[in-house]
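Biologist: I would like to learn how to read the features of a model like this one, beginning with the ligand. Could you take me through it step by step?

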Amino acid sequence: MADGGSPLAGRNHRAETLPDDFDRIKRRMALLAMSSGAVACLIASSLAHRVGLPNPVDAHVLPILGIGLLVLALSLWRNPPLLPWIERIGWGLLTAYLLAALGYKTLHYPYTHTPLGARTYWFFFTYLLAFLVWPPRGALVASLGVISTIGGLTLWLGLKTRGANIELLSSLIQLIAASIAYVFVHYSFAQLRPQYARMRTLAFSDPLTGCANRRRAEELLALEVARAGRYGRPLSLILFDLDHFKQINDLHGHAIGDAVLRAVTNAVRCDLRGLDHLARWGGEEFLIIAPELSQSRASQFGERLRKRIASLRISGGIQPTASFGIASFRLGETADMMVQRADRAMYRAKAQGRNRVEMERPRTATPEATDVATVTTEETDEPSTALGD
Ligand SMILES: Nc1nc2c(ncn2[C@@H]2O[C@H](COP(=O)(O)OP(=O)(O)OP(=O)(O)O)[C@@H](O)[C@H]2O)c(=O)[nH]1
């Protein structure tokens with residue numbers, strides 16, 4: 001059921017379910033990261049105890065960090081909706097530990113040049129995490145908060161030693177410069193990403209109906225045909241064209257014609273499966289790419305859609321109908337060949353009175369038979385008299 005927002009989706013509620021999927025993945029990742037982080041912290045702190053503690057921060061803060069991450073992982077496991085708070089608290093704990101370790105080194109050994117150490121690499125991890133945890137602006141503020149704290153330490157060191165410990169000062173300044181560069185590049189990408197997604201949606205969707213446009217449909221079709229051919233899976237195309245649509249425009253105006261197109265696509269979406277792709281193939285012509293749908297099921301499906309459209313009542317007494325052509329994949333054929341067969345079936349439906357479903361004749365048909373065969377369609381929904389026939 002293709003959604004209005006995403007031209008790529010089959011479900012009309014997929015736009016709402018996508019964030020849920022994303023949150024589920026995020027939750028799993030957070031659980032994995034926090035529990036493994038907790039184990040790593042506890043192992044590191046016990047190793048530090050064994051080898052003689054080089055840094056009291058590791059002795060006291062690292063176990064707290066480990067236990068904190070463990071508690072957060074358990075809380076997240078028990079209460080998944082707490083994810084946004086838990087990941088922010090986790091970020092805060094990790095950042096506090098890194099700043100404490102850096103602060104200890106700077107404040108306690110202002111005149112000694114000890115390398116900043118491998119722990120500083122983890123600052124870049126916290127900047128990255130910030131962009132996963134907060135929206136871009138929040139992540140920028142959080143990251144700049146960390147950088148400012150390092151800047152404060154550097155300033156304090158410079159003033160206290162009057163610039164005597166140039167090696168340590170220069171290491172800290174390098175860390176600040178690299179952090180700023182990293183955070184701003186990330187921020188720029190985070191800002192660009194939604195624009196890119198929007199451009200992609202615009203490039204691949206039909207602005208009137210929100211369905212995939214023809215360009216996208218051709219891409220999807222090529223992929224699905226390749227997949228069906230490679231794995232020998234069923235694939236059906238359902239092509240439908242609104243009947244006497246010109247008359248709707250002529251009688252009721254173009255704006256109402258647009259409303260009919262929207263109403264029809266919304267109605268059709270309700271019946272689609274998550275796998276299906278609905279695309280606007282031409283003016284009032286639509287294509288459904290239905291993977292894993294056999295010929296017989298496609299004919300039932302087409303019939304259901306036909307009835308669905310015929311049951312619509314749109315303002316001004318408009319009762320649209322559509323003619324359907326169905327083609328199912330045959331091994332070795334191309335996407336174009338399939339579309340042509342669906343197209344011929346659809347024109348046959350038009351020729352045979354409209355508001356009906358036609359599909360290709362099975363392959364076993366005699367050569368003199370036409371390539372499409374009528375599927376019995378009960379004319380349960382009368383074509384609109386307003387439109388004539
Ligand atoms: N309102 C509106 N009309 C459109 C749009 N795109 C195409 N059309 C109109 O759709 C009509 C299609 O007319 P025809 O090709 O003659 O087909 P028809 O009247 O539906 O007749 P049959 O297909 O033979 O049943 C034309 O008048 C187009 O202007 C659109 O986006 N909005």
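**Around the ligand**

Modeller: Of the 16 residues around the ligand, those that come nearest are Asp243, Phe245, Lys246, Gly257 and Gly283, where a residue is near a molecule if its C-beta atom, placed from the backbone, lies within 6 Å of it. This is a predicted model, in which local features need pLDDT of at least 70 and side-chain atom pairs count only at pLDDT 80 or more, while totals for chains, interfaces and linings use all residues. Residues are numbered from 1 along each chain as its sequence is written.

Biologist: Which helix gives the most to the shell around the ligand?

Modeller: Helices (H or I, at least four residues) and strands (E, at least two) are DSSP runs, numbered from the N terminus. Here helix 9 gives the most, with four residues, and strand 1 (235-242), helix 8 (245-252) and helix 9 (254-271) each supply at least two residues of that shell.

Biologist: And what should I look for in the segments annotated as transmembrane region?

Modeller: UniProt positions are given in the numbering used here, feature names are shortened, and annotations may be inferred rather than shown by experiment. The unreviewed UniProt entry places the annotation on several segments, including residues 60-77 and 141-159. In the model, residues 60-77 are 100% helix and 0% strand, with the end C-alpha atoms 26 Å apart, and residues 141-159 are likewise 100% helix and 0% strand, with the end C-alpha atoms 26 Å apart.

Biologist: How many bridges join strand 4 to strand 5?

Modeller: Two strands pair if DSSP finds at least two bridges between them; strand 4 (residues 322-328) and strand 5 (residues 357-360) run parallel and are joined by three.
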